[in-house]
Amino acid sequence: MNNSITFGQRIPMTSSVATEPTTHKQVTPETQAQEQSWALAAQKGDSAAFLNIVDAFQKPVYNLCYRMLGDPNEAEDATQETFLRAYTKLDTYQPGHKFSSWLLSVASHYCIDLLRKRRYQMVSWDDLPPWRWLPDSGPQPEQVALKHESDGDLHGLLDTLPSDYRAAVILRYWHEMSYDEIAETMNTTVSAIKSRLFRARQMMAESAQEKEIEMDATI
Amino acid sequence: MKNDKFTEKISLWLDNQLNPNEVTELETHLNDCVACRQTYEAMQHVHGLLRSAATRMVAPNPGFTQRFEARLAHPQPATRLWQLWLTIGVLFLGTFFIFGLWLIGGGITLVGFSSYVLDARLLNQWLYALIDSMADLRLVLDLGTLLLKTSYLMMGQPLFWGGVIATVSLIGFWVWMMRALSRRSPSSIHMLI
């Protein structure tokens, strides 16, 4: 029996990203220095500098919140709450560390807390008010895109994960963080991150296989 | 155990965390082990899905910074304090509603009314008596016994349970409405105004 297989199809982490880069992934020393100067100015009470931070980081923070929570309205609220918390906790940021990691740490911890609370709620309060489903001023292109994406497999797969595993996956794939950076962001060890990513992939793979079996059974 | 060791390495391999010797060892194992190969293929499929999705970042609706500025100008704690006071107010009104009904009824609507049961008029007399002679411990004990008996009887009163249900419903609805209002997207607040 020939069991040999070709491993050329493996998709490495670093190859295809460059063809479709996203804004936050192009972190240069200049932008990092800019972040630091904004953060230091904001720590001294310069609210305009903090608004520059909000402008620069709203997309990565919102992206993290949306991938964690799976709902655009909740993601908007969580993003605002993240920046509010960052604003009130600015004195805990230590200059010299990457500001984006610190900010994403605030966001991921907040989302993990939200998901843990949600787990114990029999009925979600936020799903009940009918006006939450009404559009603000017509569907935004971004929301149309999100709706389209949510129809795919991705959200179903992420939903199968515990909140801390989900955060590790999002930081790894969407924010292209190294194991060290994820560990720093999530206040844990590198070995814990390795374990979470392994378990997360294992759980998502099992879930994907179950879905395929279900789909085969219905055909 | 051997398989666990290799499946963990598959995850590291997907993240380019293995050295060439470890990659060779893993590839050799995958050629021989059907179970690990299936795990590898399933993980690779998920890895591909995530890689594909991760090429696109999602962004908030335009005007996020302005909405955040507006929220910064009206901090959330003030709203929470306002909600707290309103909830306390509803709790107070609910309690007043239940006992008000009972007091207005003077206890005469109680089912199975007897001399052993405290009614509103008796309560009034006992309270005055209690104030007049605070030193009389027996009086306090008697009053306690009567209160216990009344509480027991109240459990069988339709009016009592009606009041409880009405109060709980009112409080529940109020808390729900406050939470819903406070958690809505700032961009859509104008819809309520």
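**Briefing: helical architecture, nonpolar core and model confidence**

Chain A comprises nine helices and zero strands. The structure is a predicted model, with an ipTM of 0.71 and a pTM of 0.60.

**Overall make-up of chain A**
- Read from the N terminus, the order of elements in chain A is α-α-α-α-α-α-α-α-α.
- Chain A has 219 residues, of which 31% count as buried.
- Of the contacts in chain A that link residues at least 6 apart in sequence, 67% are between residues at least 24 apart.

**Nonpolar core**
- The largest nonpolar core contains 60 residues, and C65(A), A107(A), A168(A) and V169(A) are those with the most contacts inside it.
- Helix 2 of chain A, spanning residues 47-69, gives the most to this core, contributing eleven residues.
- Beyond its neighbours within four places in sequence, A168(A) contacts I182(A), M186(A), I193(A), R196(A), L197(A) and A200(A).
- In soluble globular proteins, nonpolar side chains tend to be buried together.

**Geometry of helix 2 of chain A**
- The end C-alpha atoms of this helix of 23 residues lie only 29 Å apart, whereas a straight helix at 1.5 Å a residue would reach 33 Å.
- A bend of about 55° occurs in helix 2 of chain A at F57(A), and the proline P60(A) follows within four residues.

**I53(A) within helix 2**
- I53(A) is located in helix 2 of chain A.
- I53(A) counts as buried because it has 24 C-beta neighbours inside 10 Å, the cut-off being 20 or more.
- When residues up to four places away in sequence are excluded, I53(A) touches W38(A), A39(A) and A42(A).
- A separation of 9.5 Å is found between the C-alpha atoms of I53(A) and S100(A), which are 47 residues apart along the chain.

**Confidence in chain B**
- Chain B has a mean pLDDT of 76, with 72% of its residues reaching 70 or more.
- Among the elements of chain B, the highest mean pLDDT, 91, belongs to helix 2 of chain B (residues 20-32), and the lowest, 69, to helix 6 of chain B (residues 120-132).
- The pLDDT is below 50 over residues 184-193 of chain B, a stretch that has 15 contacts in the model beyond near neighbours in sequence.
- Where pLDDT is low, the predicted coordinates should not be read in detail.

Note on methods:
Residues numbered from 1 in each chain as written. Chains lettered and ligands numbered in written order. Predicted model: local features only at pLDDT ≥ 70, side-chain atom pairs only at ≥ 80, totals over all residues. Core = buried A, V, L, I, M, F, W, Y, C linked by C-beta atoms within 7 Å. Buried ≥ 20, exposed ≤ 12 C-beta atoms within 10 Å, placed from the backbone. Helix = DSSP H or I, 4+ residues; strand = E, 2+ residues; numbered from the N terminus. Contact = placed C-beta atoms within 7 Å. Expected span 1.5 Å × (residues − 1). Bend = angle between axes of the 7 residues up to and from the residue. pLDDT = per-residue confidence, 0-100.
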